[in-house]
Every structure is written in C-alpha cells, then in structure tokens.
Amino acid sequence: MLKFTDYDIVFQEIPDETTLAVNLSLCPNRCPGCHSPQLWNDIGEVLDETAIDIMLERYGSAITCVSLMGGDNDTEAVDRLAQYIHKKGKKVGWYSGKEELPTAFCLSHFDYVKTGPYIARLGGLDKITTNQRLYKIADGDLQDITYRMQKK
C-alpha cells in the first residue's frame, strides 16, 4: 500500500516538465542525511486511483507530469498507479532510493525514473559527484539525463 503526506507543483524535479510531486511515506531505505526522515514513518493518506483523480482534477491543466517521490515499499502499486496516470494523459516520474529497478518494472508505464540512495557526501542530483541517476525513458531505453540537473 502507498501513502502520501503531501504534494506540490514543482519545476526542478523533472527537466522541461511542470510536475506534481507526490511525497510518499513508508520509505524503507532510511538514507543517512535524508532531507525528509518523516517519510520513513507510516503517515499520510492512502494513495490510490481516487486520490490521483482528486489531484488531477485540481491541477490537471497546470501540470504535465506526476512524479511519485518514493514508493519502494510497494513497487507493484507504483507500477499500477503509473499505468493509471498515463491513461489520464500525464507523464509519469518515479524517484526510487534503490540502486536497481525492480525486476518486474515496466518501462512503458514511466517517462522518467531516478535511482540511487541519497549519500550526503556525494550530494543530490544537482552535484556532479552524485551516485544518483535520472533517466528519461524513450523507445524502451533508459537515457541518462542526470547532467541536466547539475549546476554548471
């Protein structure tokens, strides 16, 4: 089961997209230095198709993408919601704290995916030293676009 704590329209999570970032709780990764350790807890409301419909009704014309920020506790639910969001005509991003994508991960349900745990000494996606990667999914391939997030 997925739970969300909050959501907001953001402009820097996914390049060239106006993104509704949905923060998910129940994070199993517990990265040292995490900027949102409250998301480790079992808090928030259930994230399902009904909750997505409410968000899209509120923000639909203002956004081009929905990014699920977390969800490593239930990757099957992430995949189902991604498929649902696509059917609603929005691009889908997923931020996972794992190094590898789940074995049953269906690339066609997503447009963007970020992988990798946060390691404070390496920094986030905006740092050239980061271990994290942001991929654009095109024609069934992962194209590394991490460089687009990094400050010059």
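Student: Is Asp 16 buried or exposed?
Tutor: This is a predicted model, in which local features need pLDDT of at least 70, side-chain atom pairs count only at pLDDT 80 or more, and totals for chains, interfaces and linings use all residues. Residues are numbered from 1 along each chain as its sequence is written, and side-chain values use heavy atoms, with hydrogens and water left out. Buried means under 20% relative accessible area, exposed over 50%, and partly exposed in between, with a 1.4 Å probe and protein chains only. Asp 16 has 64% relative accessibility, so this residue counts as exposed.

Student: Where is Asp 16, and what is its phi?
Tutor: Asp 16 sits in the loop between β1 (3–10) and β2. Although Asp 16 is not a glycine, its phi is positive, at about 65 degrees.

Student: Which loop holds Arg 30?
Tutor: Phi of Arg 30 is also a positive value in a residue other than glycine, near 50 degrees. Arg 30 has a relative accessible area of 43%, so it is partly exposed. Its place is in the loop between β2 and β3 (45–46).

Student: Which residues does Trp 40 contact, leaving aside its neighbours within four places in sequence?
Tutor: Trp 40 is in the loop between β2 and β3. Its relative accessible area is 26%, which means partly exposed. Contact means heavy atoms within 4.5 Å. Beyond the neighbours left aside, the contacts of Trp 40 are Leu 26, Cys 27, Arg 30, Cys 31 and Cys 34.

Student: How many helices and strands are in the chain?
Tutor: Helices (H or I, at least four residues) and strands (E, at least two) are DSSP runs, numbered from the N terminus. Along the sequence the pattern is β-β-β-α-β-α-β-β-β-β. The count is two helices and eight strands.

Student: Why does the radius of gyration of the chain agree with a compact globule?
Tutor: The radius of gyration is taken over C-alpha atoms, and the globule rule is 2.2 Å times the number of residues to the power 0.38. With 152 residues, a compact globule would be near 15 Å, and this agrees with the value for the chain, 14 Å.

Student: What percentage of the residues of the chain counts as buried?
Tutor: The C-alpha atoms fill a box of roughly 40 × 35 × 30 Å, taken along the principal axes. Among contacts with a separation of 6 or more, residues 24 or more positions apart account for 53%. Of the 152 residues, the part counted as buried is 47%.

Student: How far apart are the C-alpha atoms of Ala 120 and Ala 82?
Tutor: Ala 120 lies in the loop between β6 (112–115) and β7. Ala 120 has 44% relative accessibility and therefore counts as partly exposed. Ala 120 and Ala 82 are 38 residues apart along the chain, and their C-alpha atoms are separated by 29 Å.
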